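Dear colleague,

Please find the structure below, with its sequence. A summary of what was found follows it.

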Amino acid sequence: MAIVEVEALRKEYGDFAAVEGSTFSIERGEVFGVVGPNGAGKTTTLKMLAGLIEPTDGSAVVAGFEPGEPAMQRRLGFLPEESPLYEDMTPRSYLAFFADLYGVPRDVAHDRIERTLDRLDLEHRDRRIGNMSKGMKRKVAITRALVNDPDVLIFDEPASGLDPLTTNYIIEFTRELSETGKTIVFSAHNLFHVESICDRVAVMNEGRIVASGTIEAIREAHGGTEYRVSATVDASEGLRASAPDANGPDVDALEVHRTNGQAEHVVGDMAAVEAIRAVVEAEGGRITDIQTRTPTLEEIFLEIASESSAEETEP
Amino acid sequence: MTDGRDPDAGGADGIAGSARPAEAETGGLRGRVTRTLRVARWEVTRSVGTVDRKTILVVLAMVTVAGVVGLAAVDEGLALESELYVVGVDEDDPYHDVAVESTAFRPIPLSDVELEDGSEDGNVDVVIADDRIGHVGTNGEAAYDAFRGAVETYNERRMAAEADETAAYPVLVTLEYQDRDLGDPVGGDDLVDDEEDSTDLEPEADETATDDGADDDAVDEDDSGTDDREHGADGEVDDGDGQADGAGVDSTVDDTDDDELAVPDVGGGHAAEQTAPGTPGTLSPPFPFQSLVLAFLFVVPMNFVIQAYGSTIMDERIQRRGELLLVSPAGRLEIVAGKTLPYLLGLVGISVAIALAIGGGLLSIGAAIPIALAFLAATFTGAMFARSFKELTFVTVTISVVLTTYAFVPAIFTDVTPIALISPLTLIVLDLQGDSVRLAEYLFSTGPLYFGAAVCTLQGLGVYREEDMFTQKAIPSKAVDAIVSQIDAISRRVHAYASPFVLSALFIPFVFAAQLLVVAVFFAVPEAIALPVVFVLAAAIEEFAKSIHVYAGFARSRFDASLRVATVLGVLSGLGFFLGEKLTHAVQFVGLPELTVGVAAFGPALSSEPLVLAALFLAPLVLHVVTAVVGALGAARGRTSYAVAFVLATLIHAAYNLGVVSLVG
């Protein structure tokens, strides 16, 4: 059952469309990643879901309510990219205020805050926030996003600007949250993090969603598995001459790299591998190595981004 | 209310727990009030946390000292000259009493006087012996002059205390303050004629010398003047000469005194104090110095409080701190109300304390509250528009100067002219003088500030959202955005084209307040200069109010920039303004059109002629529509065209005002 439904969401600033007709849905308990380059419209999309920005057009339903409705806000935890905290307050007083604002009973709030801070290993809970490190502040901000025990969490670059240790800590904590049944909308520049915790992703570029689905499906659609066949002879000529059949191996995308007297043939399907092997044997050579390689999300993302940008600039 | 437990919540690992906020609490009015109070409580806690105890103590000490010094200055003066000079005089000398009564002198017996041989110094400044007065040392000359003055004061006091008045004052002068002749103030030759009277801002002392030294009637007249002043508040008619006896003595205005909304019984307090005989040196114009200074005490803390208030609003906008509040269940109105409430309550508390300290009543507090609201609302909007704390400083200083001027300057004329009623501070002065004020007069004084504060708050709220409050736009651009947010709100509820009508009407309080301020500022300027300036300024204010929202709509692409749309918007704007402007006819009821500059700003009083009335009713409608269309056509074509159109509309409007006033006035 979808807990987030987005339909043709659009945001314009004057003549500039920051988000153009985004449509997607997120199932309850899912971790949904939103990725894309700077200015792709990720943060605008997340803020529209959080009720911070009013869409120009389209609709969104989060936890059964339209963004901005108090009932929806009570079911939402939002962690913006920056963690603007009140530096004169202590973590305890700061978190207690937000719990109070969300109507969480004081005793419940106290238990929840202490448990979350325990889990995040945040000490110095009565120290002035202004005197804390960036990582500690981030932990306070994450705890604040959880004070109302939300159904849906929107994490916009939760590990932005943090050291690797704290980053891993926060990614691990996010994974734990997803295991408790929270629905998490997650945005990050570091695609490794997205790949490691997201069930599905939407790739955005220039305001539009250019690809979406599970990471495997996207990989399949925008890259798939790559085969690298190393041989003592270059089989490209023979391969092209012997494979004019449309049903034969796909040799159009064949790439050949020559190194140390070896020829590395890069192809996209097993049929092409078999064809290379046949040509090499026919030319008296031999196969020295065959490797398979799955592209990373980052590589797929770069490919999609360049493709969509090229489409955009075509007349 | 629930116990905060949600059976549906997971919380399998206990990280986030299993409780959910109480649902019922957040709905409806109760929920809104609760959230507002939570924000208010947090604002207090947070603000207190940002100020260290030493600063609080220093501020408290400064406020206490300022209050004590202020009250002492008003009550008795600062006594800086207490026992400044030493007088050598024996107790049996007649001058001894002078030295004793004057606080500037300390008498010592002649036997204690020590004069250094060969030197001009000694332990005294003035020496009195054998009916001769001499001075000693470097301060001697100044001391001598001061002592001569003290002798005169002493003699005057003795004369005033003399039982046989005739013996003390063989010649009596009856002092009677007269209103200026304000009939037919503008137009034709009368304008020139009037100027002689009108430019004399001091109430004229109609000195009627009489050699009837024993004329008890003269004294009675003074007494009756005092009585009339007291009754004047109840609307009694002065049948004397048909004119107001003036600001100082009798405030009943004219034969229309039985009008429900007549000018209040302004002034008189000062004259009442002068019913006892005095010398010319003891006479002073009807300037309510003491009440004015005390009334000003209400405004002083507002200037400080808005600094803190502006900072807290600005603080939410720095580094996007306010974003987290915006994403909470609290709406922006609740957030702003919660953040404002402590400062408003603080100002109300301070006002109550000041009122108790200086003897003000509920009227004083009721007059101080709209001023406080205006200060806070303007600061809120200013803080929402400012891009940095540096800009905020400029904004708050501007607000302080403008609102303090608006409150204080008219109140100076409390005992002189009804123009004083523009300011709520006048109500405080009247309250301190013991004069009563009618509800209509209270509404006239405070209405523009109440409405202005409401509209300012709406403007600020319009940009209290993520898209506007964290962007670094110039103040004019933010102002345009704020107006556009209101256009959007009206568009959602009614129609985009309804916004010019509604906003033109909504801006009326600002127009009214701005024009009142113009009148107050130029009241004291010679009419030859004041009239043309007021004509143009009054027109410019109105044209700005009619066109700025149309320009904002075009600038942010809310309207199609076509000739037809601009014309429609202009017509609707003019119509809305015309209807709203009718509200300003309240000025008719408090007598501002009796003033020349009042006529220049608000037009002449309504005529009783039906044709004239009809013309006066329809002509402004045509004017406002025409000039609004001019403004809208310019606005549709961009900023430069808008500026040109605005000037053109202002000139048409000013010419119209001048024509109407000349013809009808």
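Helix 1 (residues 42-50) of chain A lies across strand 3 (31-35), strand 5, strand 6, strand 7 (183-187) and strand 8 (200-205) of chain A, and runs at about 150° to strand 6 of chain A. Contact here requires C-beta atoms, placed from the backbone, within 7 Å. Helices (H or I, at least four residues) and strands (E, at least two) are DSSP runs, numbered from the N terminus. Axes are lines fitted to C-alpha atoms, for helices over the stretch in contact, with angles from 0 to 180 degrees between N-to-C directions. Helix 6 (residues 164-179) of chain A also packs on the sheet, where it touches strand 3, strand 6 and strand 7 of chain A.

This is a predicted model: local features need pLDDT of at least 70, side-chain atom pairs count only at pLDDT 80 or more, and totals for chains, interfaces and linings use all residues. Residues are numbered from 1 along each chain as its sequence is written, while chains are lettered from A and ligands numbered from 1 in the order in which they are written.

The open sheet of six strands in chain A has the order 5-6-7-3-8-9, with mixed pairing; strands pair if DSSP finds at least two bridges between them. Strand 5 (76-79) and strand 9 (208-214) of chain A each have a single partner strand, so one side of each is left without a neighbour in the sheet. Strand 5 and strand 6 (residues 152-156) of chain A are parallel, over four bridges, and A:Leu76 stands opposite A:Val152.

An open sheet of four strands, with antiparallel pairing, has the order 11-12-10-13 in chain A.

With kind regards

Conventions
Two residues are in contact if their C-beta atoms, placed from the backbone, lie within 7 Å.
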